[in-house]
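The sequence and the structure are shown first, and the description follows.

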Amino acid sequence: MSVVDDLRSWFIARFGVAPQLYRARGRVNLIGEHTDYNDGFVLPAAIDLATYVGAAPRKDRRLVVYSLAFDEGVEVDLDAAPAPWRHWSDYVVGVALGLEREGLRLSGANMMLATELPMGAGLSTSAALEVAVGYALSDLAGSALERKGLALLCQRAENEFVGMRCGVMDQLISCCGVAGHALLIDCRTLETRAAPLDSRARLVICNTMVSHELAASEYNKRREECERAVALLSAEFDGVRALRDVSPEALARHGAALPDVILRRARHVVTENARTLAAAEALETGDLKHFGRLMHESHASLRDDYAVSCDEADLMVDLAQNMEGVFGARLTGGGFGGSTVNLVEAEAAERFMRSIAESYRAATGLTPQIFCATPSEGVGRVSP
Ligand code: GLA
């Protein structure tokens with residue numbers, strides 16, 4: 001039985017009515033890592049694995065939410081000023097309160113959540129959950145939000161209610177994904193440009209199966225380091241509101257003003273922005289070899305300058321880089337474990353998936369999850 005069929009029948013069994021179903025997808029970022037919160041550029045695609053919400057309105061103001069993944073339910077009264085408690089339901093409640101702050105008066109709802117996304121794999125389970133819930137609740141309230149507005153609202157909920165200072169990439173691609181395409185996003189203006197994934201290539205995701213505890217605290221620390229770089233560089237020259245405003249040449253000229261660690265963090269962001277713009281062009285002109293080289297450079301920069309990789313991800317990337325038919329490989333998402341993204345020749349993809357699984361298992365004893373991802377469309381209702 002599919003996740004959707006399962007969700008529908010569990011919902012009916014629990015709540016006694018048929019739900020409206022909503023779907024928001026996970027994402028893989030092809031390149032442009034840790035640039036979104038620096039007003040920079042990213043190039044993600046929504047993938048064919050998703051989180052689903054079944055929902056039906058209630059007459060009161062309670063959210064009664066059940067997660068099939070955690071086999072656990074919570075009940076929240078929207079009028080009782082609910083507070084975060086480091087629980088999966090924080091994402092749901094944060095988004096609901098965000099919608100109300102936008103002026104939407106929500107009714108209560110019975111909701112059930114299910115996901116195809118592996119947790120901790122760096123494929124944005126949290127953004128998919130926020131976006132699916134945000135879309136569902138606003139749809140039940142009779143006023144579906146404009147997609148970019150919904151993405152910003154979900155990001156704010158995660159920043160302010162959950163306490164993770166993420167950028168806007170994950171929520172935006174989950175809202176606005178385009179089938180068959182990656183999306184170049186300018187995270188300052190939120191302008192997007194869809195670049196088709198070349199039919200000669202496949203996107204292969206390799207889940208390292210590790211997700212290190214550090215991720216959230218180190219993430220917030222990287223953001224602070226970037227803010228420090230901006231403060232120091234804006235004292236050196238005009239027009240620096242974010243690292244987006246610093247060119248590789250300007251950083252080379254003024255880098256001496258920064259302590260070593262801060263310089264390395266800034267160098268990652270500044271060079272990654274340039275790589276991302278070049279990569280979008282390479283995708284558009286079909287230069288997959290160049291795209292692959294940029295992915296390798298991105299990984300090296302994440303590992304050496306931004307220090308967000310880990311042994312398992314480095315190993316997965318090294319293994320891929322030495323295999324036939326691989327254009328490029330890199331860590332994708334926030335880091336400290338999670339997944340790598342690999343651009344692989346279409347005819348070589350099956351063989352690549354088998355060999356990398358074997359080599360990684362032989363080296364680590366861990367059985368990785370390896371699959372091909374298809375770029376897919378953004379959030380919406382699931383038709384009955
Ligand atoms: C996480 C965050 C995103 C982005 C990436 C790193 O996925 O949620 O906003 O910063 O890390 O590129």
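## Terms and basis

Helices (H or I, at least four residues) and strands (E, at least two) are DSSP runs, numbered from the N terminus. Two strands count as paired if DSSP finds at least two bridges between them.

The model is predicted, and local features need pLDDT of at least 70, side-chain atom pairs count only at pLDDT 80 or more, and totals for chains, interfaces and linings use all residues. Residues are numbered from 1 along each chain as its sequence is written, and side-chain values use heavy atoms, with hydrogens and water left out.

Six strands form an open sheet in the order 5-4-6-3-1-13, and their pairing is mixed. Strand 5 (72-77) and strand 13 (380-382) stand at the edges; each has a single partner strand, so one side of each is left without a neighbour in the sheet. From one strand to the next, the twist averages 30°. Here axes are lines fitted to C-alpha atoms, for helices over the stretch in contact, and angles run from 0 to 180 degrees between N-to-C directions.

In general, strands of a sheet pair through backbone hydrogen bonds, either parallel or antiparallel. Strand 1 (residues 20-29) and strand 3 (residues 44-57) run antiparallel and are joined by nine bridges. Within this pair, Val28 has Ala45 of strand 3 as its bridge partner.

## A helix on the sheet

Helix 3 (residues 125-140) packs on the sheet. Helix 3 touches strand 1, strand 3, strand 4 (62-67), strand 6 (109-115) and strand 13, where contact means heavy atoms within 4.5 Å. The direction of helix 3 makes about 40° with that of strand 3.

Ala114 lies in strand 6. Ala114 has a relative accessible area of 7% and is therefore buried; buried means under 20% relative accessible area, exposed over 50%, and partly exposed in between (1.4 Å probe, protein chains only).

Leaving aside neighbours within four places in sequence, Ala114 is in contact with Val3, Leu7, Ala50, Thr51, Tyr52 and Leu68. Ala114 and Glu213 are 99 residues apart in sequence, and their C-alpha atoms are 24 Å apart in space.

## Two loop residues with positive phi

Asp71 lies in the loop between strand 4 and strand 5. Its phi is near 50°, a positive value in a residue other than glycine. Asp71 is exposed, with a relative accessible area of 59%.

Ala81 lies in the loop between strand 5 and helix 2 (89-101). The phi of Ala81 is near 45°, a positive value in a residue other than glycine, and Ala81 is exposed at a relative accessible area of 65%.
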